[in-house]
Amino acid sequence: MAESPHLSPSGAVPAIELRGLVKDFSIGLQGMKLRAVDQLDLRVEAGQVFGLLGPNGSGKSTTIKIVLGLLAPTAGTATIFGVPSGQIAARHDVGYLPESPYFYRHLTGRELVEFYARICGLAGATLAQRVADVIALVGLRDSANRRVGTYSKGMLQRIGLAQALVHDPRLVILDEPTAGVDPVGAAAIAEIILQLKARGKTVLITSHLLGQIEDICDRVAILDHGKLLLEGAVRDLVGRADRQALVLEKMPETELAELRAWLAARGRTIEAIEQPRERLDRIFLERVKK
Ligand SMILES: Nc1ncnc2c1ncn2[C@@H]1O[C@H](COP(=O)(O)OP(=O)(O)OP(=O)(O)O)[C@@H](O)[C@H]1O
Ligand SMILES: [Mg+2]
């Protein structure tokens, strides 16, 4: 029997809750064990976009597989909207993009998404409409009748995202959705995630694109060797409440000296003078979209 879920201050059941989660894998012959997840406590509130970060091998995908009930934990509990992950009912309203999706290569993109839609219980006109909608959403309308075996890496990620979203799930778990996707595709995926959030969905995402995570996530957790290093609101982690940056037209040295003197008279100094930079991804997107 699972313990009752801890309620958030608003009284809502968390979308995901992990308590004391441990996962040991057997490696080697002498009963050697590798601890992939180590005493992990984590809550993802409903309606949040939550980033699970960490270096390669830190336990992100293992944690996700336990949340989805695809792996049994060695110790601890995982729940989805209060339902233990081991129960099939917990997965009912969840969409999942695995980190290395294996798809039936002989199916077309559309057939593949239809296949997953049927597994999720969709049928008839609703199925056809949802399949068309998600294929358009991920930008694969022109390639939907091609075999998945002919897709590029980024196209496979997009069709994977389409299958994860086809039943309009309440919780979407995306394990590196932007791996192998070009900057235009990555920006499109970020946009889809923000649309999901706007519609009240919860998204758990792993990615090594920290700039994008910063742009789209409400909260992040950083894992290392299966342990939680840090968890918090992105705004609190990256914002420096005690500092502010002023951006001015470039001014001559003489005026800058006057400004320094003016500030010095008030006991203040300029800590840094930098030339603002345009972000490379923005330049790329502007050019490529033309
Ligand atoms: N089935 C398995 N058997 C044995 N060890 C495993 C298994 N799956 C994962 N591991 C190990 O568990 C650790 C965590 O792996 P995991 O895939 O969860 O990392 P990750 O954070 O998702 O990494 P990446 O960023 O590379 O995707 C690694 O040391 C990995 O080798
Ligand atoms: Mg992984």
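**Ligand 1.** I started at the ligand, and α1 gives the largest share of the shell around ligand 1, with three residues. I kept in mind that this is a predicted model. In total I have 13 residues surrounding ligand 1. The closest ones I noted are F25, A36, N56, S61 and T62. Both β2 (33-44) and α1 (60-67) put at least two residues into that shell. How does the shell divide into nonpolar, polar and charged residues? I get four nonpolar, seven polar and two charged.

**Whole chain.** Next I stepped back to the protein chain, which has nine helices and 10 strands. Its C-alpha atoms fill a box of roughly 70 × 50 × 45 Å along the principal axes. Of the 290 residues, 34% are buried. I also checked how far contacts reach along the sequence. Taking contacts between residues at least 6 apart, I find that 65% of them join residues at least 24 apart.

**S58.** I looked up S58 and found it in the loop between β3 (49-53) and α1. Is S58 buried or exposed? I put S58 down as buried, because 21 other C-beta atoms lie within 10 Å and the cut-off is 20 or more. What does S58 touch once its neighbours within four places in sequence are left aside? The answer is L223, D224, H225 and G226. I also took one distance from S58, to A264. These two are 206 residues apart in sequence, and their C-alpha atoms sit 48 Å apart in space.

**α2, overview.** I then moved to helix α2 (residues 109-119). Its buried residues are G109, R110, L112, V113, E114, Y116 and A117.

**α2 with α4.** An angle under 35 degrees counts as roughly parallel, so I wrote α2 and α4 down as roughly parallel to each other. The crossing of α2 past α4 is right-handed. On the α2 side, I have G109, L112, V113 and Y116 making the contact. On the α4 side, the residues are I159, A162 and Q163. By class, this contact holds five nonpolar and two polar residues, with no charged ones. An α-helix has 3.6 residues a turn, so residues three or four places apart point the same way.

**α2 with α3.** For this pair, the axes come within 10 Å and cross at roughly 130°. What does that make the two helices? At this angle α2 and α3 are therefore oblique to each other. I noted the crossing as right-handed here too. The contact uses G109, R110, V113, E114, A117 and R118 from α2. From α3, it uses L127, R130, V131, V134 and I135. I sorted this contact into six nonpolar, one polar and four charged residues. My lists have G109 and V113 in the contact with α4, and G109 and V113 also turn up in the contact with α3.

**S152.** I checked the loop between α3 and α4, where S152 lies. I call S152 partly exposed, because 13 other C-beta atoms lie within 10 Å.

**Positive phi.** Last, I looked up two backbone angles. Most residues other than glycine have a negative phi. Q39 is not a glycine, yet its phi is positive, about 55°. I located Q39 in strand β2. With 15 other C-beta atoms within 10 Å, Q39 is partly exposed. F81 is not a glycine either, and its phi is positive at about 45°. Where is F81? I found F81 in the loop between β4 (75-80) and β5 (83-84). F81 has 20 other C-beta atoms within 10 Å and is therefore buried.

Technical notes:
Residues numbered from 1 in each chain as written. Chains lettered and ligands numbered in written order. Predicted model: local features only at pLDDT ≥ 70, side-chain atom pairs only at ≥ 80, totals over all residues. Axes fitted to C-alpha atoms, helices over the stretch in contact; angles between N-to-C directions. Helix = DSSP H or I, 4+ residues; strand = E, 2+ residues; numbered from the N terminus. Parallel < 35°, antiparallel > 145°, perpendicular 65-115°, else oblique. Left-handed = near helix turned anticlockwise from the far one by under 90°. Contact = placed C-beta atoms within 7 Å. Nonpolar A, V, L, I, M, F, W, Y, C, P; charged D, E, K, R; others polar. Buried ≥ 20, exposed ≤ 12 C-beta atoms within 10 Å, placed from the backbone. Near = placed C-beta within 6 Å.
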